[in-house]
Amino acid sequence: MAAPVPIGLKAALLDAVRTKSGMVGTGMLGFLILLAILVPVFAPYDVIKAWGGTDAWQDNPKLAAPEWSEVFSGGKHLPRTIFLTPAGTPGGFLKFRTTENVSDGKGNWNNFTFLGLKKTFGFQADDFPSEMTVYLNTMFTQAGNLSKPPAISVIFQRPDNKNLTLLDDTPRLSTTDINRFPNTKSNAYAVSQPIKDTPSYKILDNLREWLIANNVTTRAEAYDPQFYVQPEVLLFAQLDRSMLSKSTAHVLKGDYSLRIELVGFENTDDANARGIVFGTVFGLAGTDDARHDLLVGLLWGAPVALAFGTAGALVVVLIQMILGAISGWYGGAVDELVQRAADFYLIIPTLPILILISLLYRPSIVAILFILVAFGIVGSTTKVVRSIVLQVKEEQFIEAARSYGAKKTRILFRYILPRVMPYTFALIALTVPAFIFLEASLSFLGLGDPVLPTWGHTLGLAYNNGALFYGFWWWIVFPVVGIIFATIAFALLGYAFDKVLNPRLREQ
Amino acid sequence: MAVLDIRNLIYWYRTRRGAVHAVDNISFKLEQGETIAVVGESGCGKTSTANAILRLLPKNVERYEGEIWFDGQDIMALGNEDFRKQVRWKGISMVLQGALNALNPTVRAGAQVAEPLIVHYDVDRDEAMEQAIAAMKRVGLPQDIARRYPHELSGGMKQRVVIAMALILKPKVVILDEPTSALDVMTQTNIINLLKEMKAAEGLSYIFITHDLGLASDLADHVAIMYAGEIDEIGPADHVFVHPKHPYTGRLLASVPRLRSEDAPEFIPGAPPDLTRPPPGCRFHLRCPVAFEKCGWVAEEFVDRLRLLQATTQGKEGFPRFSEVEARGTQMVVLRADSDSPETLAASFSEFVKSGRETNPFLKSVRSVDAKTKAVAVTLHEGAPPPLIGEEWRAACWLVQEATAHDTIPA
């Protein structure tokens, strides 16, 4: 005879967890739950709220691989992001400022401010940085045309002393900013890939002139429309013709400096600077094209997937179970109604309907959950549970309960549902992955919650940005691993339950 | 006054083949503090009677009629909800057939015993458990059994739990539906003794449903012998078991193996009739060794029997040589022969009936044999279902009526 089916929920749970697959599944699930508990502590929800914006992520390199992928780069030391912190912070820019008042001899005094900012940093990596940006915060007074804005120069010093001026600029205020005292102007100078018609676009011409002056190229060549200037390579490469292409250029290792000089025409003028030399590797999971730290998204994916899958599966399966039990137990018209409703719900194509709703309303993840529950109040579980109830209700102890005068509802909840519960538990465990998949599919299609960084959402972005084509493997692999991990955890648990509850599947 | 008086209880249920006459017009009384044993073969309607009394009906009920007077009230007239509240377990409780399966495997024994209390009196859990433990002590179960699940109990323990459960609301009548059928003999004895004790202590009345005549004789004051949905004989146990009036009772008693006697147990040939089409007349007449004219033979049965006989004794000396036999209506059978003339066949058939009526009781039903032009017409005696005759001790058999007339009891 087969081993008896365990009686009651607790016994079934314990038995299931003791099987091999149950132990592994529980372990994996435990890990996920631990993540779900710890993640909000270490990466609070504020981080996620900022996910849609850019401000929180602008200091991260774009599309950087995980730092540990350096192991596979053949012994190369890949550049990390170097922060050139503002003056006044430890290790920040060194600042020199002086004011001078000069008389023109006619009783007019001209007031000057001289300001210098300098930061030296070592660059020892074997690859070029991905980008470089300088942020300049200038404070000056400008009332109409009465005073002049300060003049700024940004100078880049190389270890081989072939220094160059990246740009000269006079920060101007837009008309809306005028008459605000004191005026501050924040300028971000993108050294690499500068945008046309911005002050930093001059960098390209300055670099051309620098190349010509150092006899690397001819003037004609430098100003050829085909000539492609890559500042982040040129600035950090050894000065010879090989530097013109990133593939042939050699990194010039050593101490670099960024120097900013300002001449202001008021005594009150002031400035501070900050710079970032972006690396090509970042963190444990890399970044995407919007500079998001993918690790945060991945970690947040766990509680979201867990909560979504479990809540959805739990609610849907329990509702379906109760309706199925009612259907099987009461029979007659109720049975007919529930079963035909289940047939109807089973043939409704839920995913297309969900896609339609998502297109029209962009629902949040909670709203999606509600929609799924609404479309899942009856379904396959109703049918499975009904068939079990039809069996159980013919058992003698039900007859006994009827004979001692128990009401039908009491028999249903005290006698029939406890018998069905263990099976339901297996069903819940097996339904959770379905919900995780569904959420991932919706997010992948760009129809999920627009704010939360779920695994599916990350995957969808990766797909839309051609991550597979460009080889941004980290952008795809980690969310996929997350989904598979969670799915396998629940599938193993469900399998364990199945084994315990269907003795025929049990091993000897 | 009888605590339970069942009058003309009818309980049929539908099947695809027709209505099953599971309980067909039965009546009996149960006095306070008495035990009535309902005895019969499997499928004769014992359990259906119990279910009918407690109104545990399936969906496919065809007929459910009669009167059940309990405590001076016709409980058949009660609405379902009133019946559930007033009668089930409070008035009449039941130890179900196969009690070993009657326990919910997911509920601890104590909680299970307490269930009726909670259902009927809305007692709070702790108090119900206390009473349940007390009830379990009364049936000889130690307190720790209350914490166990049914699968952790032995058969005898489970049976005691079920009995404790049946008695917890102190009902007046307890229906015991084969309470010991799956137990070994020692446990059976213990349970029967327990039932006796409980009866004496609490003044219970039992309806004891069993096929075990030994147990019935041990426990019962009265016995009702059921056959094919009807009561064949009912009376005081010492009378019925010692001098059975009905031939079926006699055969039933003869079929019990005896421990210290040379008598081999006898069996009753044939099988119980199909209850969707119960035989007319006395329902036992097809299997009855002493059946005679009045028992209710019909042409169809006669033809079946005759064909069977023809098949087994074909070509033997004295067997009438007919080639065709056919029923015409209920009381006439037509015989045809290939070689012999109708007259010859009629003569040989009459001779055969005369000589064979003692060995084949169905031949007694022949009233006349007439030779027609082409065939032989055999007319059968009209029969009718025998009424239950008698006062305290009644039997439903035409022989009993004749015997009463002649003031003797058939052996």
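Here are a few exercises on this predicted model, each with a worked solution.

**Exercise 1. Find how chain B is divided into domains, and how far apart their centres are.**

Let's start with the bounds. Domain 1 of chain B covers 2-254, and domain 2 covers 297-380. Next, take the centres over C-alpha atoms: for these two domains of chain B they are 48 Å apart.

**Exercise 2. Work out which parts of chain B touch chain A, and what classes of residue they bring.**

First, count both sides: chain B puts 22 residues into the contact and chain A puts in 16. Now look for elements of chain B that supply at least two residues each; these are α2 (80-86), β6 (92-95) and α3 (109-121). Of the elements on this side, α3(B) gives the most, with four residues. Finally, sort the chain B side by class: 11 residues are nonpolar, seven are polar and four are charged.

**Exercise 3. Decide whether A:Gly494 is buried or exposed, and say what it touches.**

Begin by placing the residue: A:Gly494 sits in helix α16 of chain A, residues 473-501. Then count C-beta neighbours inside 10 Å. There are 23, and the cut-off for buried is 20 or more, so A:Gly494 counts as buried. Skip residues up to four places away in sequence, and the contacts of A:Gly494 are A:Ala426, A:Ala429 and A:Leu430. As for A:Arg259, it is 235 residues from A:Gly494 in sequence, and their C-alpha atoms are 63 Å apart in space.

**Exercise 4. Pick out the residues that touch the most other members of the largest nonpolar core.**

The core has 203 residues, and the ones to pick are B:Met136, B:Ala164, B:Ile175 and B:Ile207. Which helix gives the most to this core? That's α13 of chain A (residues 408-444), with 19 residues. A separate second core has 36 residues, among them A:Ile260 and A:Phe278.

Now zoom in on B:Ile207. Leaving out neighbours within four places in sequence, its contacts are B:Leu30, B:Ile36, B:Val38, B:Ala50, B:Val173, B:Ile175 and B:Leu176.

**Exercise 5. Trace the open seven-stranded sheet of chain B and locate the bridge partner of B:Val38.**

Walk across the strands in order: β6-β7-β8-β3-β9-β10-β15, with mixed pairing. The ends of the walk are β6 and β15 (394-395) of chain B, edge strands that pair on one side only. Next, step to β3 (residues 35-39) and β9 (residues 222-227) of chain B, which run parallel and share four bridges. In β9(B), B:Ala224 is the bridge partner of B:Val38.

Key:
Residues are numbered from 1 along each chain as its sequence is written. Chains are lettered from A and ligands numbered from 1 in the order in which they are written. This is a predicted model: local features need pLDDT of at least 70, side-chain atom pairs count only at pLDDT 80 or more; totals for chains, interfaces and linings use all residues. Domain bounds come from an automatic or database domain assignment. Two residues are in contact if their C-beta atoms, placed from the backbone, lie within 7 Å. Ala, Val, Leu, Ile, Met, Phe, Trp, Tyr, Cys and Pro count as nonpolar, Asp, Glu, Lys and Arg as charged, and the others, Gly among them, as polar. A residue is buried if 20 or more other C-beta atoms lie within 10 Å of its own, exposed if 12 or fewer, and partly exposed in between; C-beta atoms are placed from the backbone. A nonpolar core is a set of buried Ala, Val, Leu, Ile, Met, Phe, Trp, Tyr and Cys residues joined through C-beta atoms within 7 Å. Two strands pair if DSSP finds at least two bridges between them.
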